[in-house]
Amino acid sequence: MQKSLRIGQILYTNVLPVYYYFEQAKFEDRIAFIRQVPAQLNLAMAKGEIDMGPISSFSYAEHASQYVALADLSVSANGRVGSLFLFSKKPIEQLNGAKIALTNTSATTVNLLKIILHKFYDYEITYVTQEPNLAHMLQDADAALLIGDDAITAERTAGELHVYDLGELWHRFTGYSMTFAIWALRREVIDEHFALIAEVHASFLTSKKKTKANPGPLVDYVCTHFGGTKEEWLRYFAGLQHDFGEVQRVGLEYYYRCAAELGLLAAPATVELWQADGHKTNITLAR
Ligand SMILES: C=C(O[C@@H]1C=C(C(=O)O)C=C[C@H]1O)C(=O)O
């Protein structure tokens, strides 16, 4: 039977605070989950195969006329993230002219790296896009970019490599927060499924609130399934923000302007927030 709403879920631990207490049973007959890495969710959302869920904030900007964003949800950080790393054979100061391998799972972070290396370091770089396997990527490249759990796992055995956190680099150069994912909703499904979207949105927000207030059960679950220590995961989740307020908006809109300036985006985008009470906020920043 065709479910009413098809909802994406990023295959990484970074979104778990928003899914851990999501009331699956309550929606069982009405929603279907599609679990994939961000680049695949971006594509599925653009093709209309998914109706709502987290996608790369970069992809949101590319399709802003077709999407709105569910209010108060994101994957953001104001500085270090802990799961977006450039692994480099040389210090970043020596990477001008280098060849860098980019994971094929990302849209936001690969473009963030380009902004940092071209706008802030003024480098010329050759890029190749590959499957997220650090050893293979570094066979023929000076550095490699990984995101999500691939980055978390690779960092545990990074050895002599120089490791740079992309959220930290962005914050060091700009002073801004960075938003990597937002919960997109295709405009064309809103009228037909308004009440269901509102219920699903509320359940995501409740899950976020509960895991924030008491991260213990989520941390135990993640330790069991993904390894690592409780302290590491507590630190990781404490550093991530899943909100979308003024701080996140300002940082993301600056990123969009930088991306447009470098020709990575056709135009800087604005984020239109959706929530059930009908209040839509069109976010624009004075330029
Ligand atoms: C914090 C992260 O944010 C992610 C990075 C994304 C991207 O680069 O396109 C997309 C969604 C998020 O999963 C991460 O993956 O570690």
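**Helix crossing, ligand shell and domain contact**

Modeller: In this predicted model, the axes of helix α5 (residues 108-120) and helix α8 (residues 166-174) come within 10 Å and cross at roughly 40 degrees.

Biologist: Why are α5 and α8 called oblique to each other?

Modeller: Angles under 35 degrees count as roughly parallel, and 65 to 115 as roughly perpendicular. The axes cross at roughly 40 degrees, so α5 and α8 are oblique. Their crossing is left-handed.

Biologist: Which residues make the contact?

Modeller: From α5, Thr-109, Leu-112, Leu-113, Ile-116 and Phe-120. From α8, Leu-166, Leu-169, Trp-170 and Phe-173. By class, 8 are nonpolar, 1 is polar and none is charged.

Biologist: What surrounds the ligand?

Modeller: A shell of 17 residues, with Ser-56, Ser-83, Ser-106, Thr-109 and Phe-180 closest. The elements giving two or more residues to this shell are α5 and β10 (178-186). The shell has 10 nonpolar, 7 polar and no charged residues.

Biologist: How do you know which domains the shell around the ligand draws on?

Modeller: The domain assignment gives domain 1 (5-76 + 178-282) and domain 2 (84-174). The shell draws at least three residues from each.

Biologist: What makes up the side of domain 1 that touches domain 2?

Modeller: Contact here needs C-beta atoms within 7 Å. By that criterion, 20 residues of domain 1 are in contact with 17 residues of domain 2. On the domain 1 side, α3 (38-46), α4 (57-62), β10 and α12 (246-261) give two or more residues. α12 gives the most, with 4 residues. That side has 14 nonpolar, 6 polar and no charged residues.

How values were computed
Residues numbered from 1 in each chain as written. Predicted model: local features only at pLDDT ≥ 70, side-chain atom pairs only at ≥ 80, totals over all residues. Axes fitted to C-alpha atoms, helices over the stretch in contact; angles between N-to-C directions. Parallel < 35°, antiparallel > 145°, perpendicular 65-115°, else oblique. Left-handed = near helix turned anticlockwise from the far one by under 90°. Contact = placed C-beta atoms within 7 Å. Nonpolar A, V, L, I, M, F, W, Y, C, P; charged D, E, K, R; others polar. Near = placed C-beta within 6 Å. Domains from an automatic or database assignment.
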